[in-house]
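Hi,

Here is the structure I promised to pass on.

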Amino acid sequence: MRMLIMGPPGAGKGTQGVEIAQHYGVPAISTGAIFRSNVERQTELGLVVSQLMAKGELVPDEVTVQIVAERLAEPDTAPGFLLDGFPRTVPQAEALDQLLSQAGRPLQAALSLLVETETLVARMLKRAEIEHRADDNEASIRRRFEVYQAETAPLLDRYRSQGLLVEVDGVGSVDEVTARCAAALDAKL
Ligand code: AMP
């Protein structure tokens, strides 16, 4: 299964990404998690991305695409992969299409989690209390919504017109949403 999961900040991409990847026996690849791990370990990449992330801005496309290209070259992606949080811009989506078509393994589904804005804000404020993520403060949360609307939401049309979009209601318990996603994905394949 070669797929990606999309949704606004707080929609549950990370949580569902891990569950769904496990269901299909493929690795969940989260660009946000890769960047956070680099920030924690204070790597060269971590130093480049930490300020951008803390402000809710995107990491430049070239940097992000290279990270994903390297990760997709790892042997554990042979049975497939689930990309979480990538692509987030049109140039990233174009780079991904090119990368995968060159490898002869095109995307099979783009899962979009649908959640109302008020629910998203409430979830993110709750997560801020629990996880203490550097980018879960009010200014950064607002900025991440703006960036999502401007840069990432247009990708929904791209994947719809490619016949890959699978939209799922993201409200409910983790298990309920995972079951809904798996049913919608199984119906698609
Ligand atoms: P996430 O964990 O997906 O919410 O990502 C956290 C942060 O990492 C984002 O707000 C961005 O600063 C950065 N990031 C993650 N994925 C990408 C991407 N595909 N393109 C650019 N920046 C990204």
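Some housekeeping before that. This is a predicted model, so local features need pLDDT of at least 70 and side-chain atom pairs count only at pLDDT 80 or more, while totals for chains, interfaces and linings use all residues. Residues are numbered from 1 along each chain as its sequence is written, and side-chain values use heavy atoms, with hydrogens and water left out.

**Salt bridges**

Side chains of opposite charge can pair when their charged atoms come close. I called it a salt bridge when a side-chain nitrogen of Lys or Arg is within 4 Å of a carboxyl oxygen of Asp or Glu. That rule gives eight salt bridges.

How exposed are they? Arginine 143 is partly exposed at 29% relative accessibility, and glutamate 57 is partly exposed at 29% as well. Here, buried means under 20% relative accessible area, exposed means over 50%, and partly exposed is in between (1.4 Å probe, protein chains only).

Two other pairs stay within a helix:

- In α7, arginine 142 and glutamate 138 are four residues apart, about one helical turn, with their closest N and O atoms 3.0 Å apart. Glutamate 138 is exposed at 59%, whereas arginine 142 is partly exposed at 46%.
- In α8 (residues 154–161), arginine 160 and aspartate 157 are three residues apart, again about one helical turn. Their closest N and O atoms are 2.6 Å apart.

**Helix α1**

Which residues of α1 are buried? They are Lys13, Gln16, Gly17, Ile20 and Ala21. These cover an arc of only 130 degrees around the axis, which puts them on the same side of α1; the arc is that of the directions from the helix axis to the C-beta atoms. The buried residues pack against β1 (2–6), β2 (28–30), β3 (81–84), β4 (109–114) and α9 (174–188), where contact means heavy atoms within 4.5 Å.

Enjoy exploring!
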